[in-house]
Amino acid sequence: MTTTLLAAEELNPLAPHPIEIIVGLIAFLLLFWLLKRTVFPQFEKVYAERVDKIEGGIKRAEEAQEEAYVLRQQYEDQLAGLRAEAARIRDDARAEGQQIKAELRAQAEEEAERIRQRGHEQIAAAREQVARQLRAEIGGISVQLAERLVGRELSAETRRTETIDAFLAELDELAERRETAPAAGGAS
Amino acid sequence: MTTMATAPAPGFEPPGVADFNLPPVFGEITKPVLLLVFSAIIIFAAFRFTVRKPALVPSKSQFLGESFHGIVRNSIARDMIGAEYLKFVPFLTALFAFLLVNNLFGIIPLIQFPTFSHPGVPYALAGLVWLLYNYLGIKRHGFAGYMRISTWPPDVPWWVRIILTPIEFISNILLRPVTLSLRLFGNMFAGHLLLLLFILGGQYMLFTADSITLKVMAPFAFAMGIVFTFFEAFVQVVQAYIFVMLTASYIGTSLVDHH
């Protein structure tokens, strides 16, 4: 009777086997405990590190970008300043150059004017001198010519002409010997 | 069945409950008992292997271990439990691995016995889950608060409550462990029976039966056995997944904030 009961009991598929419950629970709980203690913390640690690495990387990249942006802004500002400075310097230089050119031209014109003036003065002085000399010489020469004319016989027309010609030739000789302005003076 | 044995060849005895009563290997120790211990050992060994040298850039084995852990962590625990999910990930992962390996024993050559076609451990695990989610609920909301969450859905007219509250109580408090364990047990039991039917049937047709037709048809029985082996692999994975998914869901509802 007990065997049939046992057999009937064992044939019920819904009837649990106590040893399986005990061993199964122990095996599972032990497995759970061991995994929880040794393996899963490692996984979580790696996940956390990975997240940290990635998020840290992104954050660092953002910071670097921000910094680069600020630097670029700074450089652009500086560059704009420098450009303005350069333009200003160029303008200054141009203005200065213009001024220098104008000054030099004015100076040159003044100089030229002065030289011309001096030339005029010299010429005037020379003429004055020549005129003064001529005046003195013509006086003497006229007296000489007059003396000669008076000293000889003013009889014949030809003789008088000869005398004047000779006198003029003498004067010419004289002028050639002197080689200066009196020749012109003698001609006039 | 015995009455059919009038022909020279004995009639085919379909596999039944008796086929699940395996003789003890030694003493009280039966095959499922050994399988339980074996599964725990290989799961622990496999996980230990995957984290032998944990690195930020995982090796192939570490990646596998992480993927397994990650599935339970990110697509079961986080979705089902919410903010406090991390606390339960170790339990759920260990449970999933334990269920999966023991289920897959059903189709692993030479083992070929799903441990949970015996209902003892499913009962025990479902009981464990029942204790866990009730404990969490009572600890979080107090006994009355927990009962209200479990049996007193908001915005229901009083005359519906008369019938709804007992149903909710029975389904949420009493029947959950029963359905949880029987679903697993039933699937494993039926699957194994199905495979036994095809394989033993094919064997009978090929070797025992007199009819030449049956002998010729035998390969089809084996072929169906192979087809159903693949199907069983799918069922075994799905059942392990469902068990863990429901466990996470129960934990999640116990921890949910009531307003």
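How many helices and strands make up the secondary structure of chain B? The answer is six helices and zero strands. The legends below describe close-up views of a predicted model.

**View 1. Chain B runs α-α-α-α-α-α from its N terminus.** The chain has 259 residues, and buried residues make up 36% of them. Take the contacts in chain B between residues at least 6 apart in sequence: 65% of these join residues at least 24 apart.

**View 2. Chain A meets chain B.** On one side, 30 residues of chain A take part; they are in contact with 33 residues of chain B. Two helices of chain A, α1 (2–11) and α2 (18–151), each supply at least two residues of the side that touches chain B. α2(A) gives the most, with 24 residues. By class, this side of chain A has 19 nonpolar, four polar and seven charged residues.

**View 3. An annotated segment of chain A, residues 15–35.** An unreviewed UniProt entry carries the annotation "transmembrane region" for residues 15–35 of chain A. In the model, this span is 86% helix and 0% strand. Its end C-alpha atoms lie 31 Å apart.

**View 4. The largest nonpolar core has 60 residues.** Those with the most contacts inside the core are A:L31, B:A77, B:L92 and B:V244. From chain A, α2 gives two or more residues to this core. From chain B, the elements doing so are α1 (31–50), α2 (60–81), α3 (89–104), α4 (120–151), α5 (158–208) and α6 (212–255).

**View 5. Around B:V244 in the core.** B:V244 is among the residues with the most contacts inside the largest nonpolar core. Not counting residues up to four places away in sequence, B:V244 touches B:V72, B:I76, B:L92, B:L95, B:F96 and B:L99.

**View 6. Helix α3(B) is mostly covered.** Of its 16 residues, 15 are buried. From first C-alpha to last, α3(B) reaches 22 Å. That is close to the 22 Å expected at 1.5 Å a residue.

**View 7. B:Y250 in helix α6 of chain B.** Why does B:Y250 count as buried? B:Y250 has 23 C-beta neighbours inside 10 Å, and a residue is buried if 20 or more other C-beta atoms lie within that distance. Leaving aside neighbours within four places in sequence, B:Y250 is in contact with B:V129, B:Y133 and B:R176. B:Y250 and B:I81 are 169 residues apart in sequence. In space, their C-alpha atoms are 8.5 Å apart.

Terms used
Residues are numbered from 1 along each chain as its sequence is written. Chains are lettered from A and ligands numbered from 1 in the order in which they are written. This is a predicted model: local features need pLDDT of at least 70, side-chain atom pairs count only at pLDDT 80 or more; totals for chains, interfaces and linings use all residues. Two residues are in contact if their C-beta atoms, placed from the backbone, lie within 7 Å. Helices (H or I, at least four residues) and strands (E, at least two) are DSSP runs, numbered from the N terminus. Ala, Val, Leu, Ile, Met, Phe, Trp, Tyr, Cys and Pro count as nonpolar, Asp, Glu, Lys and Arg as charged, and the others, Gly among them, as polar. UniProt positions are given in the numbering used here, feature names are shortened, and annotations may be inferred rather than shown by experiment. A nonpolar core is a set of buried Ala, Val, Leu, Ile, Met, Phe, Trp, Tyr and Cys residues joined through C-beta atoms within 7 Å. A residue is buried if 20 or more other C-beta atoms lie within 10 Å of its own, exposed if 12 or fewer, and partly exposed in between; C-beta atoms are placed from the backbone. The expected span of a helix is 1.5 Å times one less than its number of residues.
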